[in-house]
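Reader: I am new to reading structures. Can we go through one together, feature by feature?

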Amino acid sequence: MPDDASWTTIGAAVPRIEGRAKVTGQALYASDEPVANPAFAFLVLSTAARGRIRSFDLRAAQAVAGVLDILTYENVGHEADPPAPHGAGEETTTMQTSRIWHDGQIIGVVVAETYEAAREAAYAVGVEYDAEAPSATFDSPGVQEEVREPGEHKDFAVGDADAAFDAAAVRIDARFGTPTQHHNPIELFTTTCTWHDGSLTVYEPSQFVHGLRGSLAKQLRMDPKRIRVVARHVGGAFGSKGIPSARTAWIAVAARRLNRPVKLVATRGQGYTIATYRAETRHHIRLAAGRDGRLLALRHEGWEVTSRPSDYNVSGTETTARMYACPNILTRVNIVHTDRNTPGFMRAPPDVPYMFPLEVAMDELAEALGMDPVELRRVNDTQTDPATGQAFSSRSLMRCFDQAAARFGWADRTPQPRSMRDGDWLLGWGCAAAAYPANIGAGAARVLLGPDGQATVQIAAHDIGNGSHTIIAQTAAERLGLRLEAVTVQLGDSDLPPAGLAAGSSHASGICHAVAHACEDVRARIAVAATTSNAGPFAGRDPATLILAQGRLRGEDGTAEPLHDALARVTGGALEAYAENIPKGLPPDSVGKLYSGQMAISRGTQREDLTTYAFGAQFVEVRVHARTGETRVSRAVGAFAAGRIINPRTAHSQLMGGMIWGISSALHEATEIDTRAARYVNDNIAEYLIPVNADVREVEAIIVPEQDAEVNPLGMKGIGEIGVVGMNAAISNAVYHATGRRIRDLPIRIEDLL
Amino acid sequence: MDIVLTINGREHRLGVDVRTTLLDVLRERLGLTGSKKGCDQGQCGACTVLMDGQRVLGCFTLAAAAQGAAITTIEGLAGDGAPLHPMQQAFLDHDAYQCGYCTPGQIMSAIACVTEGHARTEDEIREFMSGNLCRCAAYPKIVAAVAQAKLAMGHA
């Protein structure tokens, strides 16, 4: 029987299966979950950035009608420990003690009958501080700078980069900076806690429900089996909902004290200090090449801000050292401790800040050499990881450059700055490379196949807009030979088998492999029953040759029987299979780690057999007004090769969204800091600029076909991050081409171009 | 204070704090959680609902001030199993969302954008949909969805 394309699911651009729920308002995000008779919480945040709380005056707050409870370190400090640090070093505390680590630290929780009463009372809480002068950011008095020791992140020293640089014919030596950025998902940071017979249920937007469960168990000194975390839909995350935040345990404590559900919806402004952010960075890059354009030396040193006790850093030199063939490489990262909240991961955490200086420096080098920037990348392309000497599993960087350049019309570019113009608008064309490691998470899944031909897949995956619901259903439908509509997906619940952290472009490949494994178990059991049976069309055959396809069990010769009949040999009811997937590069206890709430991600930078990365190329046209300096991205074309794409429709949205994030990063976003108070000034989404619809013009994302049999069995690389990676540099390079001004500090603003 | 609200064709009598917003009444009192809270200060548009066909921000409208108007929320566009409104269908068709959190507000705003006559060109759609932030950045697909639904809604 010929294959019917209507059954094809992996690789098909099908609409999101949860789409109807999303467009009708029926999709339940955490704060939408109905709970009976909730009380409402409002956080009290510190207005000092360093020091101690001397005293509280709660009289006015307690006098507000409807107030039920006020939590501070004085009455509940011993009831919860802080979350574990999410990097090396220690984490800041909140209500455990009187200590103040940063402005906007949680110092109290007011609970009341209504949201309005809780808010009024929270603003009536009086606080006296013993405050000290805080250190806000780079160059502030009192910061502590130290070299980041190798640990989670490595440095590279290949050859002698300093000597090669000194001896080279063409050299670029430049310093760069990137600003503080906040994720600002449109869904706020919310937490709803309910207790029942000593068990806790938490509704909270999360990128790692098992991680939050494990953290809460430690913080509240509970058996994790008595905690359930639910996040059926997550309203954007971008990294901000991956790390347990301090708020959750305090809301759980508040609900326990009242014996009543408590609901917190933190304000937009509070989100700037009760969760994480992308720290500001600085860079010193030295690039040297021969007259033929071949790189001779790369030296990349970074500086990153973190909090006073944490050593968190992103160390994007792990990518920049791998971009181009180069015999002499030296990388180094420094961390700068300040009196701020601890940063964390935000979309393409290492690569957004670190690829910016490298790819601008490459543009500067191309100009110094008189070479086309694309040709400079071609001359230095390599299939071998220059930092380690091992092979890339696949690397289609130049295919991406060639496809994007052709689509963009790059051949029509005149290289001289200020040489292209449209009336009062200076046109600039720029490009840059993008790369992101092909990470993959460990995971587990359960599949139930019923006699009615309906399947249910259970996996505690996270749909943060990344399309998890749909790609899980596609994988199961393909492997079970079912129509997509016959598959129901349950995710976002820590009572389900764990799927790990939805971050770092590791999730799609992690969950699809776990689901495929469970489906394979179903197939194998049905096939074994069919081949060991004395009767039926498959008796005596090799079970490995049978597949589930188009509602049938099918042999290589086309022999087929309905799935219902094949399943009946195994069970009269439903067949259940549970399987775990431990990707190459991870230890055998990795799924156990997930159950206990720890991360288990095999990183493309850390495998011992291969280096695995997705690559891309990004081209932009900017229009800079000659008189006002107004800068607009009028066109952006990106091409990305990321292995097998499960759903080109949702993947396209991820890539396009990433590219618009890049426009935002280069031209719009920056959290401004009042350095005297170490306080975020523009802590709202009117003054923290993100693009609105009218800011975005043509944005085209091209998916370049790529087969990679080495990266993992399904040949998948993630695509959640890579779209944003090259945009900072591509836009800065285009602005240079338009204006002749090389902007090395982001974001690029009108005042930089006047 | 005691108020009467007409929401999706149904009357609701309830007692509220004078400070309570329409958004909080919808979400916390009536279980209509399709309207979303993204900023609570009129910046993001996720709480957009229609009052007598005009788009308003639920977080910027006191519940008491919403009396006497016909209020339509995302839940009022298509009942269980009923056909989708052309704008809802267009958002599905164009993958005009990712996380979906801003989507109810985008759809309510988009319907008004069309009925106001502000969807004549793509530039006009971009301009008149700029009060609804989408951090996933589905903007080009939102423009395409509005352009499609406009025709199905009988507007040129």
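Reader: How many residues of domain 1 of chain A are in contact with domain 2 of chain A?

Author: Start with the ground rules. This is a predicted model, where local features need pLDDT of at least 70, side-chain atom pairs count only at pLDDT 80 or more, and totals for chains, interfaces and linings use all residues. Residues are numbered from 1 along each chain as its sequence is written, while chains are lettered from A and ligands numbered from 1 in the order in which they are written. Two residues are in contact if their C-beta atoms, placed from the backbone, lie within 7 Å. Here, 20 residues of domain 1 of chain A touch 18 residues of domain 2 of chain A. The domain 1 side holds nine nonpolar, eight polar and three charged residues. Ala, Val, Leu, Ile, Met, Phe, Trp, Tyr, Cys and Pro count as nonpolar; Asp, Glu, Lys and Arg count as charged; the others, Gly among them, count as polar.

Reader: Where are the domains of chain A?

Author: Domain bounds come from an automatic or database domain assignment. In chain A, domain 1 covers 5-26 + 440-602, domain 2 covers 33-132 + 186-236 + 241-274, and domain 3 covers 157-180 + 277-439 + 607-753. Taken over C-alpha atoms, the centres of domain 1 and domain 2 of chain A are 38 Å apart.

Reader: Which domains does chain B have?

Author: Chain B has domain 1 (2-76) and domain 2 (86-152). Their centres, over C-alpha atoms, are 21 Å apart. Domain 1 of chain B brings 15 residues to the contact, and domain 2 of chain B brings 12 residues. Strand 3 of chain B gives the most to the domain 1 side, with three residues. A strand is a DSSP run of E with at least two residues, a helix is a run of H or I with at least four residues, and both are numbered from the N terminus. The domain 1 side in chain B has six nonpolar, seven polar and two charged residues.

Reader: What does chain A use to touch chain B?

Author: Contact joins 46 residues of chain A to 47 residues of chain B. On the chain A side, helix 1 (19-23), helix 4 (115-123) and helix 17 (648-667) give two or more residues. Helix 17 of chain A gives the most, with seven residues. The chain A side divides into 23 nonpolar, 15 polar and eight charged residues.

Reader: In what order do the five strands of the open sheet in chain A lie?

Author: Strands of a sheet pair through backbone hydrogen bonds, either parallel or antiparallel. Two strands pair if DSSP finds at least two bridges between them. In chain A the order is 17-18-28-29-32, with mixed pairing. Strand 17 (420-422) and strand 32 (698-703) are the edges, and each pairs on one side only. Strand 29 (residues 631-641) and strand 32 of chain A run parallel, joined by six bridges. A:Arg635 has A:Glu698 in strand 32 as its bridge partner.

Reader: At what angle do helix 13 and helix 14 of chain A pack?

Author: Axes are lines fitted to C-alpha atoms, for helices over the stretch in contact, and angles run from 0 to 180 degrees between N-to-C directions. Helix 13 (residues 468-480) and helix 14 (residues 507-532) of chain A pack at about 30°, with axes 9 Å apart. Helix 13 of chain A is therefore roughly parallel to helix 14 of chain A. Angles under 35 degrees count as roughly parallel, over 145 as roughly antiparallel, 65 to 115 as roughly perpendicular and the rest as oblique.
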